[in-house]
Amino acid sequence: MNEENTGATAQLAHLAGDFSLLFSSTPRGARLARLLAADQLRSWGVPGGEASQIVAELAANAATHGRLPGRSFRMALALSGGTLRIEVTDTRGDRLPECREPDPYAESGRGLLLVAALADRWGVAEDSFPRKIVWAELELSAPEHGHPGSGDRSDQQT
């Protein structure tokens, strides 16, 4: 490990935070979860590109496949040291997600493939019935430069 990586790891070691909110199980709720997650990650100084995409996929799945009328889903972020954990909890514990190859002509069905490609680890945990938690973890290398609201967009692609 070089000196620069050691410094980045030391910077991350002190970071810790938790963020959790309920959202309506609708496309609008899934979009709001992604936007608020990106904002929270920026406030922590964490690059949000991959994490925001994971939140978007898991929230969309909760709003589409985990939806029960009148029930919300919960999105939670937990930052501890150099690990970011993303959890999305819905009320369809009877429908566990499966990562599988979609039909090449299908317009959907690739969300969990993206999660698997972007996350260092991911999985499904049973919660008290009827809920399930789909989670993903990212090992972070270093906080982004700048401070919240500085206009620094180094985590976004151009």
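Q: Which strands form a hairpin, and how many residues lie between them?
A: β4 and β5 form a hairpin, with five residues between them. Strands here are DSSP E runs of at least two residues, helices are H or I runs of at least four, and both are numbered from the N terminus.

Q: Before we go on, what kind of model is it?
A: It is a predicted model: local features need pLDDT of at least 70, side-chain atom pairs count only at pLDDT 80 or more, and totals for chains, interfaces and linings use all residues. Residues are numbered from 1 along each chain as its sequence is written, and side-chain values use heavy atoms, with hydrogens and water left out.

Q: Is β5 mostly covered or mostly open?
A: Mostly covered: seven of the eight residues in β5 (residues 132-139) are buried. Buried means under 20% relative accessible area, exposed over 50%, and partly exposed in between, using a 1.4 Å probe and protein chains only.

Q: And Thr 89, where is that?
A: In strand β3, residues 83-90. Thr 89 has a relative accessible area of 12%, so it is buried.

Q: What does Thr 89 touch?
A: Leaving out residues up to four places away in sequence, Thr 89 touches Phe 73, Arg 74, Asp 127, Arg 131, Lys 132 and Ile 133. Contact means heavy atoms within 4.5 Å.

Q: New topic: helices. How do α3 and α4 cross?
A: The axes of α3 (residues 49-64) and α4 (residues 111-118) come within 9 Å and cross at roughly 150 degrees. That makes α3 roughly antiparallel to α4. Angles run from 0 to 180 degrees between N-to-C directions, and axes are lines fitted to C-alpha atoms, for helices over the stretch in contact. Under 35 degrees is roughly parallel, over 145 roughly antiparallel, 65 to 115 roughly perpendicular, and the rest oblique.

Q: Which elements does the whole chain have?
A: Four helices and five strands. From the N terminus on, they run α-β-α-α-β-β-α-β-β.

Q: How much of the chain is buried?
A: Of its 158 residues, 37% count as buried.

Methods:
Two strands pair if DSSP finds at least two bridges between them.
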